Amino acid sequence: MTQPQRAVRHPDAQATTAAILLVVGVFYGFQAVREGIGTPSDTGSGFFPLIVAIVLVIASALLLVQEWRAWRGDPAVQAQSALDQAGDDEGGAPEGEPRTRWARVAGVLLASLAVPLFAEVVGFVVMLSAAVAVIAKIAGMRGWMRPCALGVVFGVVAWLVFVYWLFVPLPAGVLGLG
């Protein structure tokens with residue numbers, strides 16, 4: 001009696017994106033510590049960015065472990081991954097392999113990297129809003145009104161939470177929105 005042969009997956013866009021975001025999270029955490037994290041009662045400017053970096057590193061590491069398990073042939077993970085990819089495939093990939101949309105991956109990564117690179121000049125809230133709108137559009141949100149509205153709402157909520165509620169100064173940029 002022979003065992004059913006498992007399909008072997010190759011690392012794909014999720015693993016690549018998770019690895020890149022893991023590196024970005026470590027770099028972001030390093031920069032946050034350099035800014036000074038302060039104490040829980042008197043937080044420094046790097047305290048909340050450090051929390052964001054820790055969440056990014058943990059989420060990226062968990063995704064990498066899941067991708068590694070799927071790549072190694074864990075049937076439970078492969079079944080879940082296949083369900084996640086169902087409906088997203090439109091052909092063009094070998095059978096059993098989800099089609100990797102590298103342009104989308106690159107677009108999301110570039111939009112994500114633009115926030116820390118241009119936040120000092122343009123302003124953190126403006127860059128965050130623009131990045132969320134671009135990522136929503138890349139992810140497939142229809143039209144431009146919905147992605148832009150999502151970006152504006154996300155920026156307003158980020159400003160309310162960090163600046164108004166937690167008194168964490170964000171880079172204001174040339175528009176002075178910080």
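Which residue, with a positive phi, follows helix 6? That residue is phenylalanine 167, whose phi is near 55°, and the paragraphs below lead up to helix 6 by way of the rest of the fold. The model is a predicted one, in which local features need pLDDT of at least 70 and side-chain atom pairs count only at pLDDT 80 or more, while totals for chains, interfaces and linings use all residues. Residues are numbered from 1 along each chain as its sequence is written, and side-chain values use heavy atoms, with hydrogens and water left out.

The secondary structure comes to six helices and zero strands, where helices (H or I, at least four residues) and strands (E, at least two) are DSSP runs numbered from the N terminus. Read along the sequence, this gives the pattern α-α-α-α-α-α. Of the 178 residues in the protein, 28% are buried; here buried means under 20% relative accessible area, exposed means over 50%, and partly exposed lies in between, with a 1.4 Å probe and protein chains only. Among the contacts with a separation of 6 or more, 56% join residues 24 or more positions apart, a contact being heavy atoms within 4.5 Å.

Glycine 44 lies in the loop between helix 1 and helix 2, and because its relative accessibility is 18%, glycine 44 counts as buried. Leaving aside neighbours within four places in sequence, glycine 44 is in contact with Gly36, Ile37 and Gly38. The C-alpha atom of glycine 44 is also separated by 8.2 Å from that of valine 168, although the two residues are 124 residues apart along the chain. Serine 60, in turn, is found in helix 2, which covers residues 47-72, and at 4% relative accessibility serine 60 counts as buried. Not counting residues up to four places away in sequence, serine 60 touches Ala18, Leu21 and Leu22.

Helix 5, made of residues 124-138, has 15 residues and reaches 21 Å from its first C-alpha to its last, close to the 21 Å expected at 1.5 Å a residue; the expected span is 1.5 Å times one less than the number of residues. Its buried residues are Phe124, Val125, Met127, Leu128, Ser129, Ala131, Val132, Ala133 and Ala136, and they pack against helix 1 (13-35), helix 4 (102-122) and helix 6 (145-165).

The pairing with helix 4 can be described by axes, which are lines fitted to C-alpha atoms, for helices over the stretch in contact, with angles that run from 0 to 180 degrees between N-to-C directions. The axes of helix 4 and helix 5 come within 8 Å and cross at roughly 170°, which means that helix 4 is roughly antiparallel to helix 5, a term for angles over 145 degrees, whereas those under 35 count as roughly parallel, 65 to 115 as roughly perpendicular and the rest as oblique. Helix 4 contributes to this contact through residues including Arg104, Gly107, Ser112 and Phe118, and helix 5 through residues including Phe124, Met127, Leu128 and Ile138. The residues of the contact divide into 15 nonpolar, two polar and one charged, where Ala, Val, Leu, Ile, Met, Phe, Trp, Tyr, Cys and Pro count as nonpolar, Asp, Glu, Lys and Arg as charged, and the others, Gly among them, as polar.

Serine 129 lies in helix 5 and is buried, with a relative accessible area of 14%. Not counting residues up to four places away in sequence, serine 129 touches Gly151, Val152 and Gly155, and a polar atom of its side chain lies 3.1 Å from the backbone oxygen of glycine 151.

After helix 5 comes glycine 140, whose phi is positive, near 115°. Methionine 141 is found in the loop between helix 5 and helix 6 and, at 30% relative accessibility, counts as partly exposed. Apart from neighbours within four places in sequence, methionine 141 is in contact with Ala136, Arg146, Pro147 and Leu150.

Helix 6 has 21 residues and reaches 28 Å from its first C-alpha to its last, close to the 30 Å expected at 1.5 Å a residue. Pro147, Gly151, Gly155, Ala158 and Val163 are buried in helix 6, and the buried residues of this helix pack against helix 5. In the segment after helix 6 lies proline 171, which at 24% relative accessibility counts as partly exposed. Proline 171 and valine 125 are 46 residues apart in sequence and 8.1 Å apart in space, C-alpha to C-alpha.

Key:
A polar contact is a pair of N or O atoms within 3.5 Å; within protein, one must be able to donate a hydrogen and the other to accept it, and residues adjacent in sequence count only if both atoms are side-chain atoms.
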